[in-house]
Amino acid sequence: MTNIGVFDSGLGGLTVLKELSKKHKANYFYLGDNKNVPYGDKSSGEIIDLSKNIVKFLLKKDIDFFVVACNTISVVAIDELKKTFDKKFISITDEAVKEILNRKGDAFVMATKATCLKHGYKEKIQRFSDKKVYEKACPSLVSFIENGEICGKDLENDLKKYLDLANERKIENIILGCTHYPIIEKEIKKNLTYAANIIDPAKVLTRDIVFDEDENLNIEIYMTDVNEISQNMTNIIMGREIKIKKVSN
């Protein structure tokens with residue numbers, strides 16, 4: 001069996017797990033550190049330490065390789081993780097960068113504050129192309145989603161503000177630079193005043209990943225805080241009932 005570790009700061013990485021498990025059979029072990037969410041407002045040192053704790057827990061599952069299903073961790077901590085652990089780490093951010101380089105037009109990156117401060121997307125895209133890259137930190141979105149608020153006036157008001165530049169300049173490509181954001185993709189589209197190409201890194205990764213698949217699919221989901229909201233949101237995102245297991249982190 002191929003054992004794959006998938007991890008995120010909370011619920012967002014489940015969008016990656018869902019896409020992967022729909023297309024590829026394996027043993028999936030997911031850990032969302034929702035007790036400490038959001039990561040986007042934390043220092044680099046905090047993000048690195050929390051990420052190492054996640055990996056240490058998942059290594060008990062005899063993991064073959066990891067999918068870093070969190071853009072903030074991919075941008076801030078992945079180099080440190082690669083140095084510390086003798087395992088392969090696939091970055092959700094790198095997969096999205098490859099995709100945008102094959103698309104026409106400029107890019108608008110919706111992401112967390114930490115991802116934007118590190119210019120994780122901007123620097124990589126502009127290193128290999130002459131595209132203009134606009135970054136927009138969307139600090140409230142992760143909290144809305146983690147609290148189960150995936151529609152409504154408050155969310156819509158914030159989305160209008162965050163998408164103001166994209167709507168003004170009609171930027172061709174919008175990268176969902178946080179794995180939480182596909183959960184509210186319909187709301188994002190609703191608040192765009194033009195037709196944009198929405199890039200969901202989870203779908204790109206799922207399309208391009210290659211490994212030795214198994215005959216059966218097995219999914220275990222762990223979180224650092226299990227409550228009614230996190231359980232209900234997990235079932236909604238995954239499209240099926242999967243009981244979350246609690247882990248201390």
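## Sorting residues and finding gaps

Ala, Val, Leu, Ile, Met, Phe, Trp, Tyr, Cys and Pro count as nonpolar, Asp, Glu, Lys and Arg as charged, and the others, Gly among them, as polar.

First, some ground rules. This is a predicted model, where local features need pLDDT of at least 70 and side-chain atom pairs count only at pLDDT 80 or more, while totals for chains, interfaces and linings use all residues. Residues are numbered from 1 along each chain as its sequence is written, and side-chain values use heavy atoms, with hydrogens and water left out.

## The whole protein

The protein has 13 helices and 10 strands (DSSP runs numbered from the N terminus: H or I for helices, at least four residues, and E for strands, at least two). Its radius of gyration is 17 Å, close to the 18 Å that the globule rule gives for 249 residues, so the protein is as compact as a globular protein of that length. (That radius is taken over C-alpha atoms, and the rule is 2.2 Å times the number of residues to the power 0.38.) Along its principal axes, the C-alpha trace spans about 50 × 40 × 35 Å.

How much of the protein is buried? Of its 249 residues, 57% count as buried (under 20% relative accessible area, with exposed meaning over 50% and partly exposed in between, using a 1.4 Å probe and protein chains only). As for contacts (heavy atoms within 4.5 Å), take those with a separation of 6 or more: 74% of them join residues 24 or more positions apart.

## Closed spaces: the cavities

Rolling a probe the size of a water molecule over the atoms shows where empty space is left. Here the search runs on a 1 Å grid over the protein atoms alone: a cavity is a set of points where a 1.4 Å probe fits but cannot get out, a pocket is an open set with protein on both sides within 12 Å along at least five of seven lines, and lining residues have an atom within 4 Å of a point. Grid points are joined across faces, edges and corners, and a volume is the space filled by probe spheres set on the points.

Two cavities of 30 Å³ or more turn up in the whole structure. The largest cavity holds about 70 Å³, and of its 13 lining residues, Ser9, Cys70, Thr72, Thr112 and Cys178 are the closest to its centre. Its lining has five nonpolar, seven polar and one charged residues. The second largest cavity has about 50 Å³, with a lining of Pro38, Gly40, Asp41, Thr112, Lys113, Cys138, Pro139 and Val142. That set splits into four nonpolar, two polar and two charged.

## The largest pocket and α1

Now for the open spaces. The largest pocket has a volume of about 350 Å³. It has 14 lining residues, with Thr15, Lys18, Pro182, Ile183 and Ile184 nearest its centre. Helices α1 (14-23), α11 (185-190) and α13 (228-238) are the elements that give two or more residues to this lining. By class, the lining has six nonpolar, one polar and seven charged residues.

Helix α1 is itself mostly covered, with seven of its 10 residues buried: Leu14, Thr15, Val16, Leu17, Glu19, Leu20 and Ser21.

## The second largest pocket and α7

The second largest pocket contains about 170 Å³ of space. Among the residues lining it are Ser74, Ile78, Asp94, His119 and Arg127. At least two lining residues come from each of α3 (71-76), α4 (78-84) and α7 (120-128), and α7 gives the largest share, four residues. The classes here are two nonpolar, three polar and seven charged.

Which residues of α7 are buried? They are Gly120, Tyr121 and Ile125. These three cover an arc of only 105° around the axis, which puts them on the same side of α7 (the arc is that of the directions from the helix axis to the C-beta atoms).

## Two residues up close

Isoleucine 78 belongs to helix α4 and is buried at 7% relative accessibility. Leaving out residues up to four places away in sequence, isoleucine 78 touches Val68, Ile73, Phe89 and Ser91.

Leucine 159 sits in helix α9 (residues 153-162). Is leucine 159 buried or exposed? With 0% relative accessibility, leucine 159 counts as buried. Again skipping residues up to four places away, leucine 159 touches Met110, Leu141, Ile184, Glu187, Ile188 and Asn191.
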